[in-house]
Amino acid sequence: MSTISITASGGSQARRAPGLMGWLLLMPMVLWLAAFVVIPTLILLVYSFCERGSFGEVVYSFTWENYVRALDWRYLKILLMSVWYAALTTAFCIVIGYPVAWFIARADVRLRSKLLLLIMLPFWISFLLRTYAWISLLKAEGVVSAFLQSASLITEPLSILYTPTAVIIGLVYAYLPFMILPIYSSAEKLDESVIEASQDLGAGAIRTFFKVILPLTWPGVSAGVLLVFVPAIGMFAITDLMGGARVPMVGNVIQAQFGAARNWPFGAALGICFLIIFVAVYALLRERESKA
Amino acid sequence: MSGSNGYSNGTNGSHGSNGFAMELRGVTKRYGSVTAVDGVNLQIRDGEFLTLLGPSGCGKTTILRLLSGFEVPDEGSVVLAGNDVSHVPPHRRDVNQVFQSYALFPHLTVEGNVGFGLRMRSVDSAEIRTRVKQALELVALDGLGGRRTSELSGGQRQRVALARAIVCRPKVLLLDEPLSALDAKLREMMQIELKRIQQRLGITFVFVTHDQEEALTMSDRIAVVNKGRIEQIDSADEIYEHPATAFAADFVGAANLVRGEVLSVRNGQCEARIGEGAVVLFRGDGIAENCADVLLSIRPEKIHLSDSSEGLMGAFPGAIEDVIFRGAFAELRIILEGGSGLRASVANASAHRRSWRKGDRVWCSVHHDDIVVVDRS
C-alpha cells in the first residue's frame, strides 16, 4: 500500500522554503499586517486591562474589571442578540445567494460577466446613500407601504422601519454580494460531469445537491459565511439608521464606548471578546471544511 | 462469467427481451439545425462488448448519452431489457457510465466513490462494504480504499471510475472514451484488462472510441458511426474484410479506395478498369449489368507484388514511387500507368529477401476475394 508512488498531476507539491527574494516580496504584506493588525490588537489588549480615568482618559493599571463587566448580562444579551442577527443575516444570504450564484456560474459565458457586473454595481454608490434609500422605501409613508396599501394587501401603514426586521433586511442587502461572489467562484469551477456521474449512479436532483454539489461548493459557502457573519456582527451604521438605535448590536455598544461614553478600556475589552467569537467561528468553519 | 463472483446478475438472456440488452429504434436527436443522430437502429446483444467507432463529432457520444438517459430522443425510442425508457431519467436507469474525464467525486475517498451508487440505492452498509471490497479487488486496487482520489495516478483513477460503475451491477455499462487520457503503454494494458473484466462479469459493455486499434482489440462487434448514422455493425474481422461503405473501409484499417469503370458483369463476376492497362476481377454480386462505375476497397497488404507477370492472372504494371520502412513491414506507394496511385504494404518476412526500392517496376495482382465493392452507380 505504501509502495505505490504518486504520479498523478495535481498531487501536492513539495513546499520550498522561500529564499531571500521570497522574503523581500513578502515584506510589504508583513509590514502592513504588523502596523495595522498586530500592533493595534496588542494596544487593544493592553487597554482592555486598564481603567478609565475620570475625564475618560486611559489609566494604565491591571484589572479584570472590564471583562467582568463585559460578561454582565446586559452586555452579554446584546452580544448574543448580535450573534443571532448576524446568524439570521448569514442564513438569508445563503438561501438567497446560493441560487443566484449557481445561476450565474451556469449561465452562458457572455451573460455571466454582465450578471457579475450587476451584482457589483451597487458598490458604485455610497453605502450610506443606499441605506437611506432603504429607509425611504420601508418607512410608514414610503413607496413599499403606499404600494401595498393601494393594492389593499395591508390596511395599516407599513411599520417595519426601526425594528429588528428592518435591520436584518438592511444587513442582508448590504452583505449579499459577499455571499454570492465566493459561492459563484466555487460553483463555476465545479465540473459538470461530476453532477452527471451522481445522477448516473442513482442520485436524483435533491440528493445530487446535498451529496455532491453542496460539499464541492462548501469552500465558497464557508468563505461567504466568514465575509458576511463577521462584519454583520460588528455593523453599527445600519443598526443606527434602520434600527433607529432601538436595536443595539455589539458594534453600536463598542462604538459608543470609544465615542460618547469615552470608556476606551471597556470598549477594548468588548472588542477582545468579540475577536474571540470570530476566531471560534473561523475555527469551526475550518474544522467542517477539513472533514468534508 | 458465473454468479460466483457476485456480479453477473443473470444478465445473460434472463429478462425476456429477445436477447437484446438495449435497443435504439429509429432514434433521431437534433441540436438546433444539427442532426447529431439520424434515425439510428441499434441492437445491443446481451453480454457483448460493442464498440461505437467513429471520428469526433460523428454522433457516437450522443448515442451513448441517449443510452444513459442524459439525452432524450426527438424521434424513436430507447429500449432497455424490453422496456421503453426513452423518458426515464439517468438516475432511474439500470445502466452506468464510465466518464471520459472519470468524473470522480473529489470530496470522497476511493471507497466513498465506489460505494456512492450503492448508498443511493439504499443497500445496507455491510453489503456495501463487501461489494466495494470485491469491486476494488476486481480492478486491482485493493488496499487503496482509504485514499483520496487526488492521491491516485491517472490509471488508478480510471480503475476507480470503472469500479464505481460496475459495483452497481448495471444491465449495460457505458464507457465514453475512458482510455483516451492514458499514455500508450497503460492504454494497451487497460484494453486487455477491460476485456478480461467484461468477460468475467458478463455485463454488456458499450464502448465509445475514435481509436480503431482499441476497437479491434476489445470488441465482439464494432458499430462504425459516421455523420449521425451507423454505417456498418459487425465483428472486427468482418468489417475489415468486407467493409460495407467507403467510410468503414477507410476508418477501420487502411484502404485504397479506387474508382473502377465497369467493363463486364457475368456469372457473378465483374471486371473493371482501375487504370490504364489495369483491369481487375472481383465478385460482382448485386452489381447491375448497366452499372457504369464502382468504388472498390483494396487493403494495402492484399496487393501482391512481383518482378514479372509470369503465372499471374490479371496482373497490372506499375512503378514504385516511394518506400517507407516501418520495421515489420514496408509501405510502398505505387504509380500505375495513367497516373493513379495505390498504397501497398509488404511484410518484412526475411532479411534475405530482396527489398523493393524506389523506381523499381512491379507487377501488382489482387485476389478477387480481396477486392470489395463499397459503392456503385
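**Figure 1. Confidence of the predicted model.** Chain B has a mean pLDDT of 89, and 94% of its residues reach 70 or more; pLDDT is the predictor's confidence in each residue, from 0 to 100. Over residues 1-16 of chain B the pLDDT is below 50, although this stretch has 29 contacts in the model beyond near neighbours in sequence. Two residues are in contact if their C-beta atoms, placed from the backbone, lie within 7 Å. For the complex, the predictor gives an ipTM of 0.83 and a pTM of 0.80. The model is predicted, and local features therefore need pLDDT of at least 70, side-chain atom pairs count only at pLDDT 80 or more, and totals for chains, interfaces and linings use all residues. Residues are numbered from 1 along each chain as its sequence is written, while chains are lettered from A and ligands numbered from 1 in the order in which they are written.

**Figure 2. The two domains of chain B.** Domain 1 of chain B covers residues 3-244, and domain 2 covers residues 254-376; these bounds come from an automatic or database domain assignment. The centres of the two domains, taken over C-alpha atoms, are separated by 40 Å.

**Figure 3. The six-stranded sheet of chain B.** Six strands form an open sheet with mixed pairing, in the order β6-β7-β8-β3-β9-β10 (chain B). Helices (H or I, at least four residues) and strands (E, at least two) are DSSP runs, numbered from the N terminus, and two strands pair if DSSP finds at least two bridges between them. At the edges stand β6 (95-98) and β10 (229-234) of chain B, each of which pairs on one side only. Direction ignored, neighbouring strands of this sheet are turned by 20° against each other on average. Axes are lines fitted to C-alpha atoms, for helices over the stretch in contact, and angles run from 0 to 180 degrees between N-to-C directions. Within the sheet, β3 (residues 49-53) and β8 (residues 204-209) of chain B pair in the parallel sense over five bridges. Leu50(B) has Val206(B) in β8(B) as its bridge partner. Helix α4 (residues 154-166) of chain B lies across β6 and β7 (172-176) of chain B, and runs at about 175° to β6(B).

Figure 4. Leu173(B) belongs to strand β7 of chain B. This residue is buried, because 24 other C-beta atoms lie within 10 Å. The term buried applies if 20 or more other C-beta atoms lie within 10 Å of the residue's own, exposed if 12 or fewer, and partly exposed in between, with C-beta atoms placed from the backbone. Apart from neighbours within four places in sequence, Leu173(B) is in contact with Asn96(B), Ala165(B), Ile166(B), Ile203(B), Thr204(B) and Phe205(B). Gln198(B) is 25 residues from Leu173(B) along the chain, and their C-alpha atoms are separated by 9.4 Å.

**Figure 5. The five-stranded sheet of chain B.** This open sheet has antiparallel pairing and the order β13-β12-β11-β14-β20 (chain B). The edge strands β13 (278-283) and β20 (371-376) of chain B each have a single partner strand, so one side of each is left without a neighbour in the sheet. On average, neighbouring strands of this sheet are turned by 40° against each other, direction ignored.

**Figure 6. Strand β11 of chain B and its partners.** Over six bridges, β11 (residues 256-266) pairs in the antiparallel sense with β14 (residues 293-298) of chain B. Gly260(B) has Val294(B) as its bridge partner in β14(B), and Glu261(B) stands opposite Asp293(B) in β14(B). β11(B) also pairs in the antiparallel sense with β12 (residues 269-275) of chain B, over five bridges. Here the bridge partner of Ser264(B) is Glu271(B) in β12(B). The hairpin of β11(B) and β12(B) has two residues between the strands, and Asn267(B) takes a positive phi near 50°.

**Figure 7. The side of chain A that touches chain B.** In the model, 22 residues of chain A are in contact with 24 residues of chain B. On the chain A side, the elements that give two or more residues are α8 (192-200) and α9 (205-234) of chain A. The most come from α8(A), with six residues. By class, this side of chain A has eleven nonpolar, seven polar and four charged residues. Ala, Val, Leu, Ile, Met, Phe, Trp, Tyr, Cys and Pro count as nonpolar, Asp, Glu, Lys and Arg as charged, and the others, Gly among them, as polar.
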